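Visitor: I would like to learn how to read a structure like this one, feature by feature. Could we begin with its surface and then work towards the strands?

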Amino acid sequence: MMTFVKFSLGTLGAVTVAIAATLVSVAVGLFTWIGSNDAIQIPEIRTTNGTILAEDMDFLFDEALFVPDLGTASLRIRATDGSPVFAGITDRLTAERFLGEGVDPRSQNFWLASAEGATADLVWKVEPGDWTLVVAGDDGLPPSSVVIDGELSAAPFRLAAGTVAALGVATGVAGGLLLVAALGLGGRRPSDPNRSTPTPVTAGV
């Protein structure tokens, strides 16, 4: 029984330490990616996905409830043929419900942020939620090809990296304690209560 408990604690401790190492590695990767800049550059996105570009932009606007302030997104949107574009951000359900064939996105009033021009410079105070970026041409139809780039505030990503690092350290400490407990079990052999202690014999004079 003691051997089983020791094995279980040791296994659990090893798995916990491995998880901790993974969390710390992720945190280090985030810190390395962020660097010391105040803003993070968004890699250029090219899409021919149509008016609703939800799938392409999900990584920017996914829920992040543990981060109190997601900062600002500054996006630059343009059509590859140079024609003027309209760009707006709204929640996914609204976009899917009210936008479609024959609907000009520019005539809608549910945009949280919007911009238009040869290059639409859209600035948005990011909030947790399921958001979508909509792009339309001058005629209200989606451009055949769109290029998106810009930058995000680095502070929320630093907070997320710090949270992951703290979780990694706490998990590592817990795993270490489990390993110590496993090593401590069975280190001393328990005394046999049925074994009698010899009585010392004193020789008479």
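Guide: Before the surface, a word on the elements: helices, of at least four residues, and strands, of at least two, are DSSP runs numbered from the N terminus. Please keep in mind that this is a predicted model. With those labels, helix H1 (2-34) and helix H4 (155-184) each supply at least two residues of a nonpolar patch.

Visitor: Which residues make the nonpolar surface patch, and which helix gives the most to the patch?

Guide: The patch, of about 430 Å², is made by Val-24, Val-28, Val-169, Val-173 and Leu-177, and H4 gives the most, with 3 residues. Val-28 lies in helix H1, and it is called partly exposed because its relative accessible area is 47%, a value that falls between the limits of 20% for buried and 50% for exposed.

Visitor: How is Ile-19 placed, in terms of its helix and its accessibility?

Guide: Ile-19 also lies in helix H1, and at 45% relative accessibility it counts as partly exposed. The C-alpha atoms of Ile-19 and Gly-172 are separated by 7.9 Å, although the two residues are 153 apart along the chain.

Visitor: What pattern does the whole protein chain follow along the sequence?

Guide: The protein chain has 4 helices and 7 strands, and reading along the sequence gives α-β-α-β-β-α-β-β-β-β-α. Of its 205 residues, 34% count as buried, while the chain exposes about 12600 Å², of which carbon and sulfur atoms supply 59%. Among contacts between residues at least 6 apart in sequence, 82% join residues at least 24 apart.

Visitor: In what order do the 3 strands of the open sheet lie?

Guide: The order is S4-S3-S6, with antiparallel pairing. Strand S4 (113-117) and strand S6 (131-137) are the edge strands, each pairing on one side only, and the twist averages 15° from one strand to the next. Strand S3 (residues 85-91) pairs with S6 over 7 bridges in the antiparallel sense, and within these strands Asp-91 stands opposite Trp-131 in S6.

Visitor: Which residues form the covered face of strand S5, and which the uncovered one?

Guide: The general idea is that in a regular strand the side chains alternate between the two faces of the sheet. In strand S5 (residues 120-125), Ala-120, Leu-122 and Trp-124 form the covered face, whereas Asp-121, Val-123 and Lys-125 form the uncovered one. S5 pairs with strand S2 (residues 72-79) in the antiparallel sense over 6 bridges, and Arg-76 stands opposite Asp-121 in S5.

Visitor: With which residue does Asp-149 form a salt bridge?

Guide: A salt bridge is counted when a side-chain nitrogen of Lys or Arg lies within 4 Å of a carboxyl oxygen of Asp or Glu. Asp-149 forms one with Arg-76, the closest N and O atoms being 3.2 Å apart. This pair links distant parts of the chain, with Asp-149 in strand S7 (residues 146-153) and Arg-76 in strand S2, 73 residues apart. Asp-149 is buried, with a relative accessible area of 15%, whereas Arg-76 counts as partly exposed at 32% relative accessibility.

Visitor: How many salt bridges does the count come to?

Guide: The count comes to 2 salt bridges. Asp-104 counts as partly exposed at 24% relative accessibility, and Arg-106 counts as partly exposed at 31%.

Terms used: Residues are numbered from 1 along each chain as its sequence is written. This is a predicted model: local features need pLDDT of at least 70, side-chain atom pairs count only at pLDDT 80 or more; totals for chains, interfaces and linings use all residues. Side-chain values use heavy atoms; hydrogens and water are left out. Patches are made of residues with over 30% relative accessible area and no salt bridge: like charges are joined within 9 Å, nonpolar side chains (Val, Leu, Ile, Met, Phe, Trp, Tyr) within 5 Å. Accessible areas come from the Shrake-Rupley method with a 1.4 Å probe; for residues, only the protein chains shown count as cover. Buried means under 20% relative accessible area, exposed over 50%, partly exposed in between (1.4 Å probe, protein chains only). Two strands pair if DSSP finds at least two bridges between them. Axes are lines fitted to C-alpha atoms, for helices over the stretch in contact, and angles run from 0 to 180 degrees between N-to-C directions. Contact means heavy atoms within 4.5 Å.
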